[in-house]
Amino acid sequence: MTSAKIIIDIPDAEKAKFLICSSASESSLPMRPPNEAASGVNVTSWRHAPENLVTDSCNYQAYYLGSMLITDFKGLPSTVEACAKMKKSTDSMKKIPTITLSINYKGVKFIDFKSKHEIMEHEIQDISFASQDSEDLSTFAYITHDTRTGHHYCHVFRVTTLDKAYEIILTLGQAFEVAYQLILKNQPS
């Protein structure tokens with residue numbers, strides 16, 4: 001049995017800017033509210049204008065606790081397990097790496113906080129699940145699919161407050177919604 005890779009045609013930055021702007025200089029991108037776009041979300045409005053995720057990125061400082069290979073992908077249980085393991089493995093570390101998470105409609109970049117060098121990039125179509133840790137709401141994680149190896153990895157982060165972690169998860173959800181709406185709008189009529 002062979003598996004075919006589904007190609008998701010996310011518009012490039014120029015096309016996305018064209019699709020999102022109308023002649024009235026307002027966003028013409030229809031956005032479902034968070035509580036309609038994702039299950040388990042009670043928030044009814046996004047934190048950012050959709051244009052911000054197309055023309056720029058939303059940047060957040062976070063501690064990178066590490067990543068874990070997911071051998072049996074289970075969504076939330078996979079992130080819970082990874083959060084527990086990564087928190088335990090970093091308990092004795094004196095210094096945890098500080099990064100900037102740069103989120104836009106194309107994906108997420110990890111940028112070294114001091115040197116400003118890009119460490120890693122995950123395209124939006126390779127991110128499959130994100131959540132806060134139920135035991136420590138200032139810790140959150142998301143799962144990626146490595147297209148080269150076919151494996152899934154869970155990346156775990158910690159921020160200073162649970163509100164910041166929630167905002168990052170919400171921004172990641174909004175990036176998915178913007179990408180989805182751009183794909184729909186880019187479809188031939």
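**Figure 1. Arg47, Lys164 and Glu167 are joined in a network of salt bridges.** A salt bridge is counted where a side-chain nitrogen of Lys or Arg lies within 4 Å of a carboxyl oxygen of Asp or Glu. By this rule the structure holds 9 salt bridges. Side chains of opposite charge can pair when their charged atoms come close. The model is predicted, so that local features need pLDDT of at least 70 and side-chain atom pairs count only at pLDDT 80 or more, whereas totals for chains, interfaces and linings use all residues. Residues are numbered from 1 along each chain as its sequence is written, and side-chain values use heavy atoms, with hydrogens and water left out.

**Figure 2. A salt bridge joins the side chains of Arg32 and Glu177.** The N to O distance is 2.5 Å. This pair links distant parts of the chain, its members being 145 residues apart. Arg32 belongs to the loop between helix 1 (13-20) and helix 2 (34-37), while Glu177 lies in helix 5 (residues 162-185). Helices (H or I, at least four residues) and strands (E, at least two) are DSSP runs, numbered from the N terminus. Relative accessible area is computed with a 1.4 Å probe on protein chains only; buried means under 20%, exposed over 50%, and partly exposed in between. Arg32 counts as partly exposed because its relative accessibility is 31%. Glu177 counts as buried, because its relative accessibility is 2%.

**Figure 3. Lys109 pairs with Glu118 in a salt bridge.** Their side chains meet at an N to O distance of 3.7 Å. Lys109 has a relative accessible area of 29% and is therefore partly exposed. Glu118, with a value of 44%, is partly exposed.

**Figure 4. Strand 7 (residues 152-158) pairs with strand 1 (residues 58-70) and with strand 6 (residues 139-145).** Two strands are taken to pair if DSSP finds at least two bridges between them. Strands 1 and 7 run in the antiparallel sense over 7 bridges, with Ile70 opposite His152 in strand 7. Strands 6 and 7 are likewise antiparallel over 7 bridges, and here Tyr142 stands opposite His155 in strand 7. The hairpin formed by strands 6 and 7 has 6 residues between them. In its turn, Gly150 has a positive phi of about 85°.

**Figure 5. The largest cavity is lined by Leu101, Ile103, Val108, Phe140, Tyr142, Ile168, Ile169 and Leu172.** The elements that give two or more residues to this lining are strand 2 (98-104), strand 6 and helix 5. Helix 5 gives the most, with 3 residues. On a 1 Å grid over the protein atoms alone, a cavity is a set of points where a 1.4 Å probe fits but cannot get out, and lining residues have an atom within 4 Å of a point.

Notes. On a 1 Å grid over the protein atoms alone, a cavity is a set of points where a 1.4 Å probe fits but cannot get out, and a pocket is an open set with protein on both sides within 12 Å along at least five of seven lines; lining residues have an atom within 4 Å of a point.
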